[in-house]
Amino acid sequence: MAAAAAGSGTPREEEAPGGEAAATQAQAPTSASGARLSRLPLARVKALVKADPDVTLAGQEAIFILARAAELFVETIAKDAYCCAQQGKRKTLQRRDLDNAIEAVDEFAFLEGTLD
């Protein structure tokens, strides 16, 4: 399996002496043009995933997908909250804008009461 990962062009994650993944190997994958595909640090996302006692293994691809999904979620809720701020003729997001976005969009119903 290690030979397949090494030959596939996917960076392998190896543990550094401190138990943390080496910084150069925890970077986000890049596209052919050199742009990062993920804006969240994958090492932090992996640490959050490992904090869940129900998770035993998480591959690098799964970590990347979770990071990308989190980015898209934050982007979506921020845009909706910004629309609420614009309705109030403001450019600065406030907590009430997030509350209003959560109440207005059905997809955010699972967040109701989390900011209390």
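The model is predicted, with local features needing pLDDT of at least 70 and side-chain atom pairs pLDDT 80 or more, while totals for chains, interfaces and linings use all residues. Residues are numbered from 1 along each chain as its sequence is written, and side-chain values use heavy atoms, without hydrogens and water.

The protein chain has four helices and zero strands, in the order α-α-α-α from the N terminus. Helices (H or I, at least four residues) and strands (E, at least two) are DSSP runs, numbered from the N terminus.

| Property of the protein chain | Value |
|---|---|
| Buried share of the 116 residues | 20% |
| Share of contacts with a separation of 6 or more that join residues 24 or more positions apart | 29% |
| Accessible surface | about 8500 Å² |
| Part of that surface on carbon and sulfur atoms | 58% |

Buried means under 20% relative accessible area (1.4 Å probe, protein chains only). A contact is a pair of heavy atoms within 4.5 Å, and accessible areas come from the Shrake-Rupley method with a 1.4 Å probe.

Helix H3 covers residues 60–87, 28 residues in total. From first to last C-alpha H3 reaches 41 Å, close to the expected 40 Å, where the expected span is 1.5 Å times one less than the number of residues. Among the buried residues of H3 are Gln60, Phe64, Glu71 and Cys84. Their cover includes helix H2 (42–50) and helix H4 (95–104). After H3 comes Lys89, with a positive phi near 60 degrees.

Terms used:
Buried means under 20% relative accessible area, exposed over 50%, partly exposed in between (1.4 Å probe, protein chains only).
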